[in-house]
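Work through the exercises below with the coordinates loaded. Each task is followed by a stepwise solution.

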Amino acid sequence: PMEHWSPRYDGDFFTVKITVKEKLTSRPQVPGSLRGNTNHPATYYCIEVYCKNKKHSCFRRYSHFKSLHQQLVKLQEKNTANTSDAADLSLPPATCPWQIHSEDFLQMRLEELRDYLR
């Protein structure tokens with residue numbers, strides 16, 4: 001968080017956290033090359049990145065995390081002979097698209113995505 005930032009940290013240090021979840025009826029501003037589902041309404045997670053005493057925020061949905069996870073696993077497998085490290089990345093499981101998500105489920109997923117980012 002900003003209040004814990006120190007001038008001794010340079011651009012190599014950053015903090016990432018998911019602060020809230022919101023059900024949005026339309027897609028927020030995201031890069032066109034970002035993969036993921038486009039159906040709405042949908043639950044988005046606010047991700048905050050703190051670096052060099054600045055804060056950047058963006059909204060992403062579970063499918064964006066899934067796409068990122070797939071890219072990270074491929075990159076890990078490509079760059080290491082030991083692919084067991086890639087398997088250590090554990091993304092919360094996906095659900096059926098037609099499944100209605102309760103508030104308890106969404107809160108649990110928020111916590112699991114927070115753990116994933118650690």
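This is a predicted model: local features need pLDDT of at least 70, side-chain atom pairs count only at pLDDT 80 or more; totals for chains, interfaces and linings use all residues.

Residues are numbered from 1 along each chain as its sequence is written, and side-chain values use heavy atoms, with hydrogens and water left out.

**Exercise 1. Work out how β2 pairs with β1 and with β3.**

Step 1. Two strands pair if DSSP finds at least two bridges between them.
Step 2. β1 (residues 14–24) runs antiparallel to β2, with 10 bridges; L24 has A42 of β2 as its bridge partner.
Step 3. β2 is also antiparallel to β3 (residues 54–61), here over 8 bridges, and Y44 is bridged to R61 in β3.
Step 4. The β2 and β3 hairpin has 2 residues between the strands, and K52 has a positive phi near 50 degrees.
Step 5. For burial, apply the cut-offs: buried is under 20% relative accessible area, exposed over 50%, partly exposed in between (1.4 Å probe, protein chains only). In β2, 8 of the 10 residues are buried, while for the protein of 118 residues the buried share is 27%.

**Exercise 2. Identify the residues of the largest nonpolar core and the elements that supply them.**

Step 1. Such a core is a set of buried Ala, Val, Leu, Ile, Met, Phe, Trp, Tyr and Cys residues joined through side-chain atoms within 4.5 Å.
Step 2. The largest one has 11 residues: I18, Y45, I47, Y62, F65, L91, F105, L106, L110, L113 and Y116.
Step 3. Two or more residues each come from β2 (42–51), α1 (62–79) and α3.
Step 4. α3 gives the largest share, 5 residues.

**Exercise 3. Classify L89 as buried, partly exposed or exposed, and place L89 in the chain.**

Step 1. L89 is in the loop that lies between α2 (84–87) and α3 (103–117).
Step 2. L89 counts as partly exposed because its relative accessibility is 31%.

**Exercise 4. Find what share of contacts joins residues at least 24 apart.**

Step 1. Define a contact as heavy atoms within 4.5 Å.
Step 2. Keep contacts between residues at least 6 apart in sequence; 56% of these join residues at least 24 apart.

Conventions:
Helices (H or I, at least four residues) and strands (E, at least two) are DSSP runs, numbered from the N terminus.
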